[in-house]
Amino acid sequence: MKVVAFNGSPRKEGNTYQGIRIICDELEKEGIETEIIQVGSKEIRGCTACNGCAKNRDEKCVLPGDEVNEWIQKMKDADGIVLGAPVHFSGIGGTMKSFLDRAFYVGSNNNSLFRHKVGAALVAVRRSGGSASLDQLNHYLAYSEMVIPTSNYWNIIHGTRPGESIKDEEGVQIMKVLGKNMAWILKLVENGKGVVDKHEAERKTYMNFIR
């Protein structure tokens, strides 16, 4: 099994990375391969709502010039996905959101690429805004019918300077428990293949409230 994790921080080894690293360490203890991909320092355009991915249905975003399509395939091939982000004005950073908007829109328009994968989210924050940002990340997972593991508190780790978050003893424990629970659910899903029938995905019903 493999988990791919995305670091939405512009700092490659800042506090968001430390949280992701703790989760990945727990996964690796259980024999699960991990890969951490740096997103936050890249130049990623936002979704333009062109619906090209819905028209082409080739598992790709039509916008050129970045690594989003490569990352989408890594997500498709993985058993689990971890989303990590710093908190900017009580929300995730713009680069991470641009990536997630495009990746998950492609996924939803191509036979629900991430459906029933195990997905976890975490945020790193100096002081406040963590819950709102964590909720923002969880929206992508929930929309995609992913299986979401929990921890023993909200998946938030605190720190200001890079690496300072490892002094947040409760935050470190939260990440460890999240990693352990994610590994457990990944094993349940893997061992359930061929034993528990997987129901077919339903075609999404779209409505608006303007008549």
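Predicted model: local features only at pLDDT ≥ 70, side-chain atom pairs only at ≥ 80, totals over all residues.

Reader: What volume does the largest cavity have?

Author: The volume of the largest cavity is about 80 Å³.

Reader: Which residues line the largest cavity?

Author: The lining consists of Cys-47, Thr-48, Cys-50, Asn-51, Gly-52, Cys-53, Cys-61, Val-62, Leu-63, Arg-102, Tyr-105 and Val-106. Two elements, α2 (52–56) and α4 (94–108), each give two or more residues to this lining.

Reader: Which element gives the most to the lining of the largest cavity?

Author: That is α4, with three residues.

Reader: And how does the lining of the largest cavity divide by class?

Author: Eight residues are nonpolar, three are polar and one is charged.

Reader: Which element gives the most to the lining of the largest pocket?

Author: Helix α4 does, with three residues. By class, the lining of the largest pocket has seven nonpolar, seven polar and six charged residues.

Reader: What about the second largest pocket, what is its volume?

Author: The second largest pocket has about 420 Å³. Its lining counts 18 residues, and His-116, Val-189, Glu-190, Lys-193 and Lys-198 lie nearest the centre.

Reader: Where does the largest share of the lining of the second largest pocket come from?

Author: From α6, which supplies five residues. Eight residues of that lining are nonpolar, three are polar and seven are charged.

Reader: Switching to charges. How many salt bridges does a search of the whole structure find?

Author: It finds 14 salt bridges. In general, side chains of opposite charge can pair when their charged atoms come close.

Reader: I'm looking at Arg-21. Which side chain meets Arg-21 in a salt bridge?

Author: One of them is Asp-25, with an N to O distance of 3.0 Å. Both residues lie in helix α1 (residues 15–29), where they are four residues apart, about one turn of the helix. Glu-28 also meets Arg-21 in a salt bridge, again at 3.0 Å, N to O.

Reader: Why does Asp-25 count as partly exposed?

Author: Because its relative accessibility is 32%, and partly exposed covers values between the 20% limit for buried and the 50% limit for exposed. Glu-28 counts as partly exposed as well, at 37% relative accessibility.

Reader: Now Glu-30. Which residue forms a salt bridge with Glu-30?

Author: Lys-187 does, and the closest N and O atoms are 2.6 Å apart. This pair links distant parts of the chain, 157 residues apart: Lys-187 is in helix α6 (residues 169–192), and Glu-30 is in the loop between α1 and β2 (33–38).

Reader: What relative accessible area does Lys-187 have?

Author: Lys-187 has 30%, so it is partly exposed. Glu-30 is also partly exposed, with a relative accessible area of 39%.

Reader: Last one. Which residues are linked in a network of salt bridges?

Author: One network links Lys-2, Glu-33, Glu-35 and Lys-74.

Terms used. Residues numbered from 1 in each chain as written. Heavy atoms only, no water. Salt bridge = Lys/Arg side-chain N within 4 Å of Asp/Glu carboxyl O. Buried < 20%, exposed > 50% of the residue type's maximum accessible area, 1.4 Å probe, protein only. 1 Å grid on protein atoms, 1.4 Å probe; cavity = no way out; pocket = protein on both sides within 12 Å on 5 of 7 lines; lining within 4 Å. Points joined across faces, edges and corners; volume = space filled by probe spheres on them. Nonpolar A, V, L, I, M, F, W, Y, C, P; charged D, E, K, R; others polar.
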